[in-house]
Amino acid sequence: MNKKGFTLIELLATIMVLGIIAGIVLITTTGGVGRARDKTEAVFIKTISDALDIYLDSDARNLSFTTQCTNSLDKAHKVGVKVYKTTVTFDQVMNSTYSPISVLDMHNPANKGKDNYQCTNLDKVSVSIYRDEDYVYYYAVDKNKFNCLNTTGIITNLPNGYGC
């Protein structure tokens with residue numbers, strides 16, 4: 001008798017192999033999506049950082065630095081540099097001379113399809129601006145204030161050792 005077809009054992013073995021392959025592909029794909037999301041957010045944070053750099057290059061000389069920090073900044077060539085501080089809102093950065101970033105840019109692509117895709121309340125995001133004795137400008141802003149970021153911490157260009 002010539003029976004064409006597969007036995008139950010052959011079918012189960014094939015299904016198991018396909019299940020293992022599907023599991024490996026799923027795990028690999030899921031990790032890749034997570035890494036891509038993290039890299040996308042890193043690029044978005046770099047965009048915010050670049051906008052702050054442009055703001056400092058164009059408008060920082062017009063700011064009034066009235067607060068002198070009690071701690072000092074340790075720079076590579078000098079220790080104990082006095083630092084002065086002022087505060088602006090991120091909304092002021094967006095509406096500065098060269099408009100380095102617009103409200104349309106304030107969408108975190110890593111959160112597309114989520115409620116916190118668009119950064120809102122930018123008039124309440126406080127940016128600390130620092131100036132040292134050499135008229136070098138620095139900034140620091142809390143990532144948590146941007147309600148569209150998944151990571152926490154500070155976006156800054158300050159060297160280590162500041163204490164304001």
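Phe90 and Phe146 are both buried in this predicted model. The rings of Phe90 and Phe146 are arranged edge-to-face, with 5.1 Å centre to centre and 85° between the planes. An angle over 60 degrees counts as edge-to-face, so the 85° between these planes places the pair in that class.

In total, two aromatic pairs were found. Phe65 and Tyr137 form a pair that is tilted, with 5.8 Å between the ring centres and an angle of 35° between the planes. Phe65 is located in the loop between H1 and strand E1 (67-68), and Tyr137 is part of strand E6 (residues 137-142); the pair therefore ties together parts that are 72 residues apart in sequence. Both Phe65 and Tyr137 are buried.

A ring also takes part in a contact with a charged side chain. The charged end of Arg131 sits over the ring of Tyr135, at 4.3 Å from the centre of that ring.

Contacts between charged side chains were examined next. Side chains of opposite charge can pair when their charged atoms come close. The count of salt bridges comes to two. One of them links the side chains of Asp50 and Lys46, with a distance of 2.7 Å from N to O. Asp50 and Lys46 are four residues apart in helix H1 (residues 8-59), which means that about one helical turn separates them. Asp50 has a relative accessible area of 31% and is partly exposed. Lys46 is also partly exposed, at 47% relative accessibility.

The side chains of Lys124 and Asp123 form a salt bridge as well, at 3.9 Å from N to O. This distance is within the 4 Å cut-off, so the contact counts as a salt bridge. Lys124 is exposed, with a relative accessible area of 59%. Asp123 has a relative accessibility of 43% and therefore counts as partly exposed.

Phe65 and Tyr137 are buried, as are Phe90 and Phe146.

Note on methods
Residues numbered from 1 in each chain as written. Predicted model: local features only at pLDDT ≥ 70, side-chain atom pairs only at ≥ 80, totals over all residues. Heavy atoms only, no water. Helix = DSSP H or I, 4+ residues; strand = E, 2+ residues; numbered from the N terminus. Buried < 20%, exposed > 50% of the residue type's maximum accessible area, 1.4 Å probe, protein only. Phe/Tyr/Trp six-rings, centres within 6.5 Å; stacked < 30°, edge-to-face > 60°. Lys NZ or Arg CZ within 6 Å of the ring centre and 35° of its normal.
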